[in-house]
Amino acid sequence: MTAQVPEDLLNGYGIFRASRFADEEDRFRSLAEGQSPKVMVIGCADSRVDPATIFAAAPGELFVVRNVAALVPPYEVEGAYHGTSAALEFAVTQLQVDHIVVLGHGLCGGITAALASSQETPVGQFIGPWVDQLKAVRETLLEQAVDVDPDGHQQALEHLSVKYSLDNLRGFPFVSDAVRTGTLALHGAWFSIAEGKLCWLDPDSGAFEDVRIPAASQ
Ligand SMILES: [Zn+2]
């Protein structure tokens with residue numbers, strides 16, 4: 001494998017320069033002055049679930065951090081390399097975003113790995129410990145949902161992992177402070193790849209409901 005720029009990337013870059021950049025040159029120039037996104041999205045690294053695509057967002061509109069399974073880890077003061085926590089801190093304390101959306105999705109390989117580790121199947125040197133933060137959630141689910149088929153477990157854990165991340169978000173002092181003062185709102189969402197469908201977590205019922213699309217944007 002050579003270290004040349006992959007041809008697909010070159011072609012895509014050419015299209016970007018000729019179309020999007022050419023059309024929005026002023027936007028890019030003004031973004032060079034700084035960014036002020038109102039929304040942070042915590043999403044999965046999965047190539048099929050791109051927040052900017054799902055929300056038709058322009059550069060500068062979304063502050064996005066993506067990792068395996070879209071997880072917010074617990075607030076920890078020990079340890080050195082907290083990439084997601086660092087992005088969260090920057091979004092809340094520096095950019096002062098108004099909203100944080102935890103975006104889970106269907107067919108999530110990270111969630112499949114979290115379920116697999118319950119059967120002691122090795123899921124990687126780094127993936128295993130990362131997704132194993134869902135261990136308590138997973139064990140409660142498997143105890144309570146014994147009659148559910150594996151697909152049902154998968155989607156149930158995808159949903160529960162979003163709630164787990166929202167709980168962890170509230171454990172970060174700068175997040176809970178901003179929520180308490182009313183300057184920050186937390187949201188959970190889940191995206192179905194095959195249907196291109198977005199569901200939003202209803203905080204009262206705890207259910208993921210289909211999003212109603214505003215008539216003006218249809
Ligand atoms: Zn995923």
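This tour moves through a predicted model, one selection at a time.

**The two domains**

Begin by colouring residues 1-34 as domain 1 and residues 36-217 as domain 2. The centres of domain 1 and domain 2, taken over C-alpha atoms, are separated by 29 Å. Where the domains meet, four residues of domain 1 are in contact with four residues of domain 2. On the domain 1 side, the touching residues comprise two nonpolar, one polar and one charged.

Six strands form an open sheet of mixed pairing, and their order is S2-S1-S3-S4-S5-S6. Which strands stand at the edges? They are S2 and strand S6 (208-210); each has a single partner strand, so one side of each is left without a neighbour in the sheet. On average, neighbouring strands of this sheet are turned by 30 degrees against each other, direction ignored. Helix H4 packs on this sheet and touches S1 and S2, and the direction of H4 makes about 165 degrees with that of S2.

Select S3 and S4 together. These strands pair in the parallel sense over seven bridges. Within this pair, Gly-104 stands opposite Trp-190 in S4.

Proceed to S4 and S5, which pair in the antiparallel sense over four bridges. S4 and S5 form a hairpin with four residues between the strands, and Gly-196 in the turn has a positive phi of about 60 degrees.

The next pair is S5 (residues 197-201) and S6, which run antiparallel and are joined by three bridges. Cys-199 has Asp-210 in S6 as its bridge partner. The hairpin of S5 and S6 has six residues between the strands, and Gly-206 there takes a positive phi near 80 degrees.

In soluble globular proteins, nonpolar side chains tend to be buried together. To see this structure's own example, show the side chains of Ile-42, Ala-69, Ile-100, Leu-103 and Ala-114. They belong to the largest nonpolar core, which has 41 residues, and they touch the most other members. Which elements each supply at least two residues of this core? Among the strands they are S1 (39-44), S2 (62-67), S3 and S4 (185-192). The helices are H4, H5, H8 (150-170) and H9 (173-180).

Centre the view on Ala-69. Leaving aside residues up to four places away in sequence, Ala-69 touches Cys-44, Cys-108, Gly-110, Ile-111, Ala-114, Val-131 and Ser-161. One of these contacts, Ala-114, is also listed with Ala-69 among the residues that touch the most other core members.

Most residues other than glycine have a negative phi. The last two stops depart from that pattern.

Select Gln-96 in the loop between helix H4 (83-95) and strand S3 (99-105). The phi of Gln-96 is near 55 degrees, a positive value in a residue other than glycine. Why does Gln-96 count as exposed? The reason is that Gln-96 has 12 C-beta neighbours inside 10 Å, and a residue with 12 or fewer is classed as exposed.

Finally, select Leu-107, found in the loop between S3 and helix H5 (109-116). Leu-107 also has a positive phi, near 60 degrees, although this residue is not glycine. With 16 C-beta neighbours inside 10 Å, Leu-107 counts as partly exposed.

Notes: Residues numbered from 1 in each chain as written. Predicted model: local features only at pLDDT ≥ 70, side-chain atom pairs only at ≥ 80, totals over all residues. Buried ≥ 20, exposed ≤ 12 C-beta atoms within 10 Å, placed from the backbone. Domains from an automatic or database assignment. Contact = placed C-beta atoms within 7 Å. Nonpolar A, V, L, I, M, F, W, Y, C, P; charged D, E, K, R; others polar. Core = buried A, V, L, I, M, F, W, Y, C linked by C-beta atoms within 7 Å. Pairing = 2+ DSSP bridges. Axes fitted to C-alpha atoms, helices over the stretch in contact; angles between N-to-C directions.
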